[in-house]
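Subject: Structure handover

Hello,

Here is the structure I said I would pass on. Please look at it first, then read the notes below.

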Amino acid sequence: MNIEKIRADFPVLQKKVDGKQFSYFDSACTTLKPRQVLDAMNAYYTEYTGCAGRSVHKFARRTEEEFAKARSKAAKFINAPPSEIIWTKNTTEAINLVAHGLKFNPGDRIITTNLEHSSGLLPWQAVAEKGAVLDFVLCSKEGEFNPEDFKKKLGRKTRLVSAIHSSNVTATTSPLKEIAKIAHDAGALVLADCAQSVPHFPIDVKSLGIDFLAFSGHKMLGPTGIGCLYGREDLLKKLNPMLLGGETIKDATLQAHVLEDLPDRLEAGIQNYAGAIGLGAAVDYLSGIGMQDIEDYEKNISKALVEGLLAIPQVSLLGPKDFKKRGSLASFSVKGMEPHDIALMLNDRNFFLRSGMHCAYPIHKFLGLPKGSVRASLYLYNSADEVKLFIENLSQIIKTFS
Ligand SMILES: Cc1ncc(COP(=O)(O)O)c(C=O)c1O
């Protein structure tokens, strides 16, 4: 991978902040965008603005074509057919679409975990408020799951298992394939929150054997406001739309309506065309480099990050110490220092990290960190030199203030 060439594609990386170089280590929150994504989105606004599936003119037709191409690209990226992709605003909306769309009866069981992001937890709490029973599989203190623990929780009335794929806190990846097999053997459906996995390594939804998968465009070089729900076609057909309106119906009277076929019935109103087209361009960009190469590159820089953090005595790293078991982010706490203070001091030195709960309250409480952690999250545009400088700066801050 040619890191200099990659960095040259990102307009924001050509800039300085307060006259100095900066390091963006917050890609688990949202990623920077390459010129190719911005150009594709801009083309929609400057060359052919229209609505798909409505008007018959040339701009509308072009929008329809580009929108369909984007769906095919997003689908191919996870080895799904385009008919099984629904556009959403983000991962959060994708999970809510399933939580609100599936019919749960009182007493139906939903199993999830203590490692979930709020987006993978709160929608199920809302379903539980209407009578479903929510139960949890707990991870180890390092954020790892034993598939057997899922087996123990599954019973006759379990309708769905919802699990995070890669954690935005512990950097661990759940054994989704095994979990899916166990859940299916017990007659339950499986949803995976892949917000932190789809951007970082090759994903094949068919080989994972899951029923629903959610991801966000903005965490994989695409724009904000666009994401995907993958769902098995027979299951998508059974989802009750969360929103109704333009293009979701074949026909309507004053009293009733007939729902459209997929995907329109689940995509109400004018869609985020520029967003979907931008996500398609992001998929082209990532695929052009190769997801396996991206994963290998990230492992390399993550190794330096993890080893650097482990070498600072005051730092406690969340998740496994073995970099091979981790993704490209590292959350940590520092003895005697508050997470936000550390992030602010790093910000003063132009290192941009996230601090706090990272929308994952239960796991931080489980780990005894009520104020959360600091998180450095890397992506393909970060360099080994940046990681080295970061470790040096963090060490200096800790020496001075702890
Ligand atoms: C693991 C995980 N799931 C879900 C989300 C929610 O993503 P979005 O805000 O794009 O819906 C995030 C975002 O940080 C995440 O890290």
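Helix 4 is largely enclosed by the rest of the structure, because nine of its 11 residues are buried. A residue is called buried if 20 or more other C-beta atoms lie within 10 Å of its own, exposed if 12 or fewer do, and partly exposed in between, with C-beta atoms placed from the backbone. The buried residues of helix 4 are T91, T92, E93, A94, I95, N96, L97, V98 and A99. They pack against helix 5 and against strand 2 (85-88), strand 6 (189-193), strand 7 (212-216) and strand 8 (227-231). Contact here means that the C-beta atoms of two residues, placed from the backbone, lie within 7 Å. Helices (H or I, at least four residues) and strands (E, at least two) are DSSP runs, numbered from the N terminus.

This is a predicted model, in which local features need pLDDT of at least 70 and side-chain atom pairs count only at pLDDT 80 or more, while totals for chains, interfaces and linings use all residues. Residues are numbered from 1 along each chain as its sequence is written.

How do helix 4 and helix 5 cross? The axes of helix 4 (residues 91-101) and helix 5 (residues 122-129) come within 9 Å, at a crossing angle of roughly 15 degrees. The two helices are therefore roughly parallel; angles under 35 degrees count as such, over 145 as roughly antiparallel, 65 to 115 as roughly perpendicular and the rest as oblique. Axes are lines fitted to C-alpha atoms, for helices over the stretch in contact, and angles run from 0 to 180 degrees between N-to-C directions. I95, N96 and A99 of helix 4 make the contact with P123, W124, A126 and V127 of helix 5.

G225 lies in the loop between strand 7 and strand 8. This residue is partly exposed, with 18 other C-beta atoms within 10 Å. Leaving out residues up to four places away in sequence, G225 touches K89, N272 and G275. From G225 to L239 the sequence separation is 14 residues, and the C-alpha atoms are 22 Å apart.

For the whole protein, there are 14 helices and 15 strands. Of the 402 residues, 48% are buried. Among contacts between residues at least 6 apart in sequence, 71% join residues at least 24 apart. The C-alpha atoms fill a box of roughly 70 × 55 × 35 Å along the principal axes.

Regards
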